[in-house]
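Here's a quick tour of a protein model, topic by topic. Keep the structure open while you read.

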Amino acid sequence: MKKIEAIIKPFKLDEVREALSEVGITGLTVTEVKGFGRQKGHTELYRGAEYVVDFLPKIKIEIVVNADSTDAAIEAIIKAARTGKIGDGKIFVMPVEQVVRIRTGETNEAAI
């Protein structure tokens with residue numbers, strides 16, 4: 001099993017969710033986060049004063065999939081989240097040792 005964490009632009013969330021659903025992935029966790037990479041923030045004007053926005057709003061999506069579904073999930077995220085501009089995000093893939101469904105006690109693949 002693999003855990004996939006994707007950091008994407010907020011307005012791409014619905015497209016990514018739909019793309020994941022099309023490849024058979026229905027469960028995911030979404031968190032509103034802030035950060036920056038090469039984008040390095042930007043300056044804004046508020047009530048006549050200029051200030052720097054260092055951390056940009058992003059969405060972090062977390063899913064756990066069977067190892068054989070990993071590539072399909074990654075491709076779905078890339079296709080749905082890509083705008084071709086800086087700040088499209090990143091995808092991180094990590095191994096998962098064990099999963100337990102709290103309600104039933106099911107483990108591993110049965111718990112996904």
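Let's start with a pairing: strand β2 (residues 29–35) and β5 run antiparallel to each other, joined over 7 bridges. Keep in mind that this is a predicted model.

- β5 is mostly covered, with 7 of its 10 residues buried.

**The nonpolar core**
- The largest nonpolar core has 17 residues, and the ones touching the most other members are I4, I8, V16, L20 and I63.
- Two or more residues each come from β1 (2–8), α1 (13–22), β5 (56–65) and α2 (70–81).
- The top contributor is α2, which gives 6 residues.
- In soluble globular proteins, nonpolar side chains tend to be buried together.
- Skip the neighbours within four places in sequence, and L20 is in contact with I25, L28, I63, A73, A76 and I77.

**Helix α1**
- Which residues of α1 are buried? They are V16, A19 and L20.
- These residues cover an arc of only 100 degrees around the axis, so they sit on the same side of α1.
- The buried residues of α1 pack against β1, β5 and α2.
- After α1 comes G24, with a positive phi near 90 degrees.

Note on methods: Residues are numbered from 1 along each chain as its sequence is written. This is a predicted model: local features need pLDDT of at least 70, side-chain atom pairs count only at pLDDT 80 or more; totals for chains, interfaces and linings use all residues. Side-chain values use heavy atoms; hydrogens and water are left out. A nonpolar core is a set of buried Ala, Val, Leu, Ile, Met, Phe, Trp, Tyr and Cys residues joined through side-chain atoms within 4.5 Å. Buried means under 20% relative accessible area, exposed over 50%, partly exposed in between (1.4 Å probe, protein chains only). Helices (H or I, at least four residues) and strands (E, at least two) are DSSP runs, numbered from the N terminus. Contact means heavy atoms within 4.5 Å. Two strands pair if DSSP finds at least two bridges between them. The arc is that of the directions from the helix axis to the C-beta atoms.
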